[in-house]
Amino acid sequence: MSWYIWTSLAALLFCVVLLGGYFVRLLKHGSPKDLSQKSGNIAQAVCYSCIGAMSPMQKESAYLHLPTYTAGIFFHIGNFLAIAVYLLFTLAVIFNFQIPIESATNLIVMILAAITFIAAVCGMALFIKRLAKKELRDLSCADDYISNLLCTIMLFLTTYSLLTLQFGAVYYVIMALLFVWMPLGKIKHVLYFFFARYHLGFFYGWRGTWPPKKAIQYDK
């Protein structure tokens with residue numbers, strides 16, 4: 001294998017080890033400790049925290065900025081798919097497996113390329129918006145720009161590589177940089193997001209606030 005493939009695999013190992021360490025540390029902390037009397041269903045609240053509470057109609061920052069919310073959804077989906085593409089094609093190289101390019105396979109590759117391209121455009125739009133709007137610039141730090149730009153470049157390169165079926169040095173170097181940055185910058189919310197939603201659901205479920213209850217209407 002080429003040096004750049006080995007470099008990306010070493011970076012992936014670094015990423016997995018660090019994220020694995022974070023994961024173990026989070027598990028050791030266990031569930032939140034709440035001294036109040038339990039009055040709700042924690043399991044239902046955690047489900048609501050991860051699903052219902054993420055609905056744009058339940059988030060003011062989302063329903064007031066639906067285009068940005070939608071772009072963010074596509075951006076995240078594209079990133080997950082792009083990493084899956086990296087793993088698939090890199091494993092094919094490692095095990096010297098030739099992916100058959102048939103009509104059905106080619107259609108799947110084209111669909112993946114279309115999704116990653118849309119995600120890349122969404123990522124670029126979010127990056128430009130962060131630069132253009134003063135209120136977003138005031139809230140942003142270097143990590144925000146680096147993380148967004150790395151993911152966006154990776155998505156464009158994934159699109160190009162899928163269309164040409166050529167995964168070259170530039171692609172693997174960017175993937176390596178992304179894997180190194182992932183456990184160091186804000187992209188590590190790929191792990192912390194789920195723990196944060198669990199803790200939020202636990203807190204409001206323990207106190208019986210989530211899932212929201214329908215208000216009782218009394219006849220006058």
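Biologist: What makes the crossing of H4 and H8 left-handed?
Modeller: The rule is that the near helix is turned anticlockwise from the far one by less than a right angle; clockwise would be right-handed. In this predicted model, H4 and H8 meet the left-handed case. Helices here are DSSP runs (H or I, at least four residues), numbered from the N terminus.

Biologist: Why are H4 and H8 called oblique?
Modeller: Their angle is about 120°, with the axes 12 Å apart. Axes are lines fitted to C-alpha atoms over the stretch in contact, and angles run from 0 to 180 degrees between N-to-C directions. Under 35 degrees is roughly parallel, over 145 roughly antiparallel, 65 to 115 roughly perpendicular, and the rest oblique. H4 and H8 are therefore oblique.

Biologist: Which residues make the contact of H4 with H8?
Modeller: Ala-82, Tyr-86 and Thr-90 of H4 meet Tyr-171, Tyr-172, Met-175 and Phe-179 of H8. Contact means heavy atoms within 4.5 Å. Six of these residues are nonpolar, one is polar and none is charged. Ala, Val, Leu, Ile, Met, Phe, Trp, Tyr, Cys and Pro count as nonpolar, Asp, Glu, Lys and Arg as charged, the others as polar.

Biologist: How do you know that H2 is oblique to H9?
Modeller: The axes of H2 (residues 42-50) and H9 cross at roughly 135° and come within 7 Å. That angle makes H2 oblique to H9. The crossing is right-handed. Among the contact residues are Ala-45 and Ser-49 of H2, and Gly-201 and Gly-205 of H9. By class, the contact of H2 with H9 has eight nonpolar, three polar and one charged.

Biologist: What makes the largest pocket a pocket, and how much space lies in it?
Modeller: On a 1 Å grid, a pocket is an open set of points where a 1.4 Å probe fits, with protein on both sides within 12 Å along at least five of seven lines. About 1600 Å³ lies in this one, counted as the space filled by probe spheres set on the points. It has 42 lining residues, and Gly-72, Ile-73, Phe-75, His-76 and His-189 are the closest to its centre. Lining means an atom within 4 Å of a point. H4 gives the largest share, 11 residues.

Biologist: What sets Leu-165 apart?
Modeller: Most residues other than glycine have a negative phi. Leu-165 is not a glycine, yet its phi is positive, about 55°. Leu-165 sits in the loop between H7 and H8.

Biologist: Which ground rules apply to numbering and confidence?
Modeller: Residues are numbered from 1 along each chain, and side-chain values use heavy atoms, without hydrogens or water. Local features need pLDDT of at least 70 and side-chain atom pairs 80 or more, while totals for chains, interfaces and linings use all residues.

Notes
Helix = DSSP H or I, 4+ residues; strand = E, 2+ residues; numbered from the N terminus.
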